[in-house]
Amino acid sequence: MLLLALVFLILALFLFWQSSRQRRAAGLPSGRIVYTDTRAWGKVEKPLYDPDLRLTGKPDYLVERNGHIIPVEVKSGRAPRAPYDSHILQLAAYCYLAEKTFGKRPPYGILHYANRDFAVDYTPALRAALLDVIAEMRRDEHRTNVDRSHEDARRCLGCGFRHHCDQAI
Ligand code: SF4
């Protein structure tokens, strides 16, 4: 029993190490747990927009802290051990839009889960990763046939395009 527990522990540590390594390779920061006071959060009324990238988005909140405008994205579920890449990229997009709108780069954004908050640094590497993803999306925009980008059957099950899609799992 002890041996089995040890094997699982080693496996868990290996998976954690591997995911951190992949994350570092992709230039995405992992986020750090922070305490935030939700009373100071200001609701965002209008979406932010950047005409250069044709990018628009509405963070749930914008918080002013030490002269910076910090975007906050609220997720209704419980926090994963580390924020998902998709959540990090969404927050990065809000950081980018805040930078363009207010003329000042936010040093980080906040992911607010039901039980925990993460601060995700808006690093030059994260900004570059975001711009790469947007460029890739723009390239795909004009293609008539784009391959599925995931192996997640549950995602296909809940997808509104499922009945028209020839790549549904
Ligand atoms: S059904 Fe098609 S469009 Fe929808 S998630 Fe699956 S692969 Fe993507």
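**A short tour of one predicted model**

Good morning. Asparagine 66 has 6 C-beta neighbours inside 10 Å and therefore counts as exposed. By that scale, a residue is exposed if 12 or fewer other C-beta atoms, placed from the backbone, lie within 10 Å of its own, buried if there are 20 or more, and partly exposed in between. Please note that this is a predicted model, in which local features need pLDDT of at least 70, side-chain atom pairs count only at pLDDT 80 or more, and totals for chains, interfaces and linings use all residues. Residues are numbered from 1 along each chain as its sequence is written.

Let me stay with asparagine 66. Where does asparagine 66 lie? It sits in the loop between β5 (61–65) and β6 (68–74). These two strands form a hairpin with two residues between them. In the turn, asparagine 66 has a positive phi of about 50°, although it is a residue other than glycine. Most residues other than glycine have a negative phi.

Arginine 54 also has a positive phi, about 55°, and is not a glycine. Arginine 54 belongs to the loop between β3 (48–50) and β4 (55–57). Its 9 other C-beta atoms within 10 Å make arginine 54 exposed.

I turn now to the pairing of strands. Two strands pair if DSSP finds at least two bridges between them. Strands β5 and β6 run antiparallel and are joined by five bridges. Here glutamate 64 stands opposite isoleucine 69 in β6. Which way do β6 and β7 run, parallel or antiparallel? They run parallel, and three bridges join them. Valine 74 stands opposite histidine 112 in β7.

Histidine 112 deserves a moment. Its place is in strand β7, residues 108–112. Histidine 112 is partly exposed, because 19 other C-beta atoms lie within 10 Å. Along the chain, histidine 112 and glutamate 73 are 39 residues apart, yet their C-alpha atoms are separated by 6.0 Å.

Let us now view the whole protein. It holds four helices and eight strands, where helices (H or I, at least four residues) and strands (E, at least two) are DSSP runs numbered from the N terminus. Read along the sequence, the pattern is α-β-β-β-β-β-β-α-β-β-α-α. Of the 169 residues, 18% are buried. Two residues are in contact if their C-beta atoms, placed from the backbone, lie within 7 Å. Among contacts between residues at least 6 apart in sequence, 58% join residues at least 24 apart.

Next, the helices. The axes of α2 (residues 85–102) and α3 (residues 124–141) come within 10 Å and cross at roughly 100°. That makes α2 roughly perpendicular to α3, a term for angles of 65 to 115 degrees. On α2, the contact is made by Leu89, Ala92, Ala93 and Tyr96, and on α3 by Leu126, Arg127, Leu130 and Val133. By class, this contact has seven nonpolar residues, no polar ones and one charged. Ala, Val, Leu, Ile, Met, Phe, Trp, Tyr, Cys and Pro count as nonpolar, Asp, Glu, Lys and Arg as charged, and the others, Gly among them, as polar.

Finally, the ligand. Which residues are around the ligand? They are Arg148, Arg155, Cys156, Cys159, Phe161, Arg162, Cys165, Gln167 and Ala168, with the C-beta atom of each, placed from the backbone, within 6 Å of the ligand. This shell divides into five nonpolar, one polar and three charged residues. Thank you for your attention.

Note on methods. Axes fitted to C-alpha atoms, helices over the stretch in contact; angles between N-to-C directions. Parallel < 35°, antiparallel > 145°, perpendicular 65-115°, else oblique.
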